[in-house]
Amino acid sequence: LAAVTAVDGVGEAGIVTQLAAAPAPERWIVDRSAPWSVDPLVLDGVFQAAILWCWEELGAPSLPSSFDRLVLHGSLAGPVEARLFVRAAGRGSLRADVELVDAQGSLVARIEGYRATASASLIDAFGLSPRDEAPAAAAR
């Protein structure tokens, strides 16, 4: 959960997290000096926020399976606040929309139709125990 720097709130309707920015492209890719159009750490941070929400609310971590659309309203370069809004959840699945907001409060991107699968079988893969406190609660 390296991308999630803070959990501002979590509940049945969703989660709000602060996400870190990735290092500059030239630190990851040789001969790449242009800024990120879509920050890969921010995108992964959305997946991490969903994992936290699923662990907290569904009792199991999750893996992303798809999303319908990524709408950019500018450059998606972190750090940003991620606001995950649950549209449907239960029986091992999550469907949500995510707003990504910059430090000035401007919407910089929206992920529509995010889907993830939550399963207790992932607990071991994530190095957790069913008795572990939910990571979102520990981060507060």
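The model is predicted: local features need pLDDT of at least 70, side-chain atom pairs count only at pLDDT 80 or more, and totals for chains, interfaces and linings use all residues. Residues are numbered from 1 along each chain as its sequence is written, and side-chain values use heavy atoms, with hydrogens and water left out.

**Overall arrangement**

The protein has 4 helices and 7 strands, taken as DSSP runs numbered from the N terminus (helices: H or I, at least four residues; strands: E, at least two). From the N terminus on, the order of elements is β-β-α-α-β-β-β-β-β-α-α. Of the 140 residues, 39% count as buried (buried is under 20% relative accessible area, exposed over 50%, partly exposed in between; 1.4 Å probe, protein chains only).

**Nonpolar core**

A nonpolar core is a set of buried Ala, Val, Leu, Ile, Met, Phe, Trp, Tyr and Cys residues joined through side-chain atoms within 4.5 Å. The largest such core holds 28 residues, among which L19, L94 and L100 touch the most other members. Two or more residues come from each of β1 (4-11), β2 (14-19), α2 (40-57), β5 (80-90), β6 (93-101) and β7 (107-118). The largest share, 8 residues, is given by α2. Leaving aside residues up to four places away in sequence, L19 touches partners including V42, V46 and L100 (contact means heavy atoms within 4.5 Å).

D39 lies in the loop between α1 (25-28) and α2. This residue is buried, with a relative accessible area of 1%.

**Salt bridges**

Side chains of opposite charge can pair when their charged atoms come close. A salt bridge here is a side-chain nitrogen of Lys or Arg within 4 Å of a carboxyl oxygen of Asp or Glu, and the count comes to 7. Three of them are listed below.

| Salt bridge | N to O distance |
|---|---|
| E112 and R69 | 2.8 Å |
| R110 and D97 | 3.4 Å |
| E99 and R110 | 3.4 Å |

E99 lies in strand β6 and R110 in strand β7, so their pair ties together parts 11 residues apart in sequence. Both R110 and D97 are buried, whereas E99 is partly exposed at 21% relative accessible area. A network of salt bridges links R69, R87, D97, E99, R110 and E112.
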